[in-house]
Structure formats: C-alpha cells, structure tokens
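Dear colleague,

Please find the structure below, together with its sequence.

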Amino acid sequence: MKTISRHFFGDSEKTAFSISIVENMKEDYGLFVWPCSIVLAEYVWQHKLRFSGNNVVELGAGTCLPGLVAAKVGSNVTLTDDANRLEVLENTRGVCELNNLKCEVLGLTWGVWDASIFSLHPKIILGADVLYDAQAFDDLFATVTFLLQSNPGSVFITTYHNRSGHHLIEFLMVKWGLKCVKLLDGFSLLPSDKAARLSGNIQLAEIMLNDEQIEETSSSGAR
C-alpha cells in the first residue's frame, strides 16, 4: 500500500516549503523515508547557500528527500540508486514529478565502472543511510573515492546510524585515502518537533580526500 508523506522545511511563510514523498514500506527499503534522510535533508536546508548553484549527486537515493531539498534550494541534482532496482528508480522519477522538480535520475551500482559513473561531476555527494550493509562498504567507498578524485574539491556528506561502529568506517576511510573533516550528532541539527519523532544514534559526516590523495590527483592532472 502506497502512502504520501509531507516533509516541511523553514519556519516562515516566506521561506517555508514542503516535499511530498511516495512511500511503500512493504515493497522495498528504498521506498521508505528513513530517519537519516530526514537529518540529511535538514542539513541541506540549513546550508542552502552552500548548495545553491552546485552540482549534487545523491547515492542510494531511494525516496531521495535530501536530493529533492537540494534541488528545491537551487542545486543541479542527479539522483542515483542501484541500476537493478528498477521499481525504486521509477518511484524516484515519480516523486520528482510530484514535486515539480527537474532532477536527472540515473541507475548507478556501487563498485561498477560503467558509463553512468563517468557522466557525474558533483561538487557535493550526498548519501543518507548508505552505511547500512558492511558487505557493501568497499563498493560504496570505491565509488565515493572515484567521484572525489574525478572532481577536485568535492565532498561526500553522509548520515548514518552507528550500527557497525566508527572503527570500521575509520578503517575504510584510511584504506581508500579519505578523511572526515566534520562529524556531528544528527539530532543537534533538527528542530525539536522533528527530533521528537526520531530515534537512534545518527551521525553526520563530511568526508574528503586526504592530503596525500589530493597531491596525487593534482600531480596526475598536471601530467
């Protein structure tokens, strides 16, 4: 059974808007708005000037609330999810139409090097609750690292439940030449009414290439 949820941003008539999301929890976990998406979407709204005019790619977008908020505040947005999850991608297109927002929707499977990944040129990469399956972490970080290397100065902003522990994520960042430049308690970002409806240990991290990776990428580009 499908339902439509509405998510509100802003606290005045001048700035407020809402995003409507089609959800179907019984069909696929990618068809439900998870708490991490709400936190990341709020972060995008609070930093709207940073996002406006920039190319944004959302990985594992699912119902794509953060990406839609980015589009609403003026980003050029590409929404991606596993190329094999056709129902999720179709739902993503429908949600864009429902909100009258023009976003590119693209099938992108982590760890797969096909034409789709080479077409992306993000300044900001978003990922809400993409750190849920430890077996997929390497494919995710391989994809993120490639996008960061291909787009100097770009950043990966992700929200996640601390299910697997920070040590595994820290290990993978070291393995792939990444560093965390900001780590926040997700609930510290939320207005009290939104925080009251959520639970869990949600973190927000901003991740970039480490200094050595930046130097190597710069050297390669100069050749």
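**Strands S4 and S5**

Thr80 stands opposite Leu106 in S5. This pair belongs to a predicted model, in which S4 and S5 are joined in the parallel sense over 4 bridges. Helix H4, residues 86–98, lies across strand S4 (76–81) and S5, and runs at about 175 degrees to S5. Together, S4, H4 and S5 form a right-handed β-α-β unit. S4 itself is mostly covered, with 5 of its 6 residues buried.

**The other side of S4**

S3 is also parallel to S4, and 4 bridges join the two. Here Val56 stands opposite Val77 in S4. A right-handed β-α-β unit is again present, made of S3, helix H3 (residues 65–72) and S4.

In what order do the 7 strands of the open sheet stand? The order is S5-S4-S3-S6-S7-S9-S8, and the pairing is mixed. Strand S5 (104–107) and strand S8 (178–185) are at the edges; each has a single partner strand, so one side of each is left without a neighbour in the sheet. On average, neighbouring strands of this sheet are turned by 20 degrees against each other, direction ignored.

**Helix H1**

Helix H1 covers residues 35–46, which makes 12 residues. From its first C-alpha to its last, H1 reaches 17 Å, close to the 16 Å expected at 1.5 Å a residue. Because 11 of its 12 residues are buried, H1 is largely enclosed by the rest of the structure. The buried residues of H1 include Cys36, Glu42, Tyr43 and Trp45.

**The chain overall**

The chain has 9 helices and 9 strands. Of its 223 residues, 51% count as buried. The chain exposes about 10,800 Å², of which carbon and sulfur atoms supply 52%. Among contacts between residues at least 6 apart in sequence, 68% join residues at least 24 apart.

With kind regards

Definitions and conventions:
Residues are numbered from 1 along each chain as its sequence is written. This is a predicted model: local features need pLDDT of at least 70, side-chain atom pairs count only at pLDDT 80 or more; totals for chains, interfaces and linings use all residues. Side-chain values use heavy atoms; hydrogens and water are left out. Buried means under 20% relative accessible area, exposed over 50%, partly exposed in between (1.4 Å probe, protein chains only). Contact means heavy atoms within 4.5 Å. Accessible areas come from the Shrake-Rupley method with a 1.4 Å probe; for residues, only the protein chains shown count as cover. The expected span of a helix is 1.5 Å times one less than its number of residues. Two strands pair if DSSP finds at least two bridges between them. Axes are lines fitted to C-alpha atoms, for helices over the stretch in contact, and angles run from 0 to 180 degrees between N-to-C directions. A crossover is right-handed if, with the strands pointing away from the viewer, the path from the first strand over the helix to the second runs clockwise.
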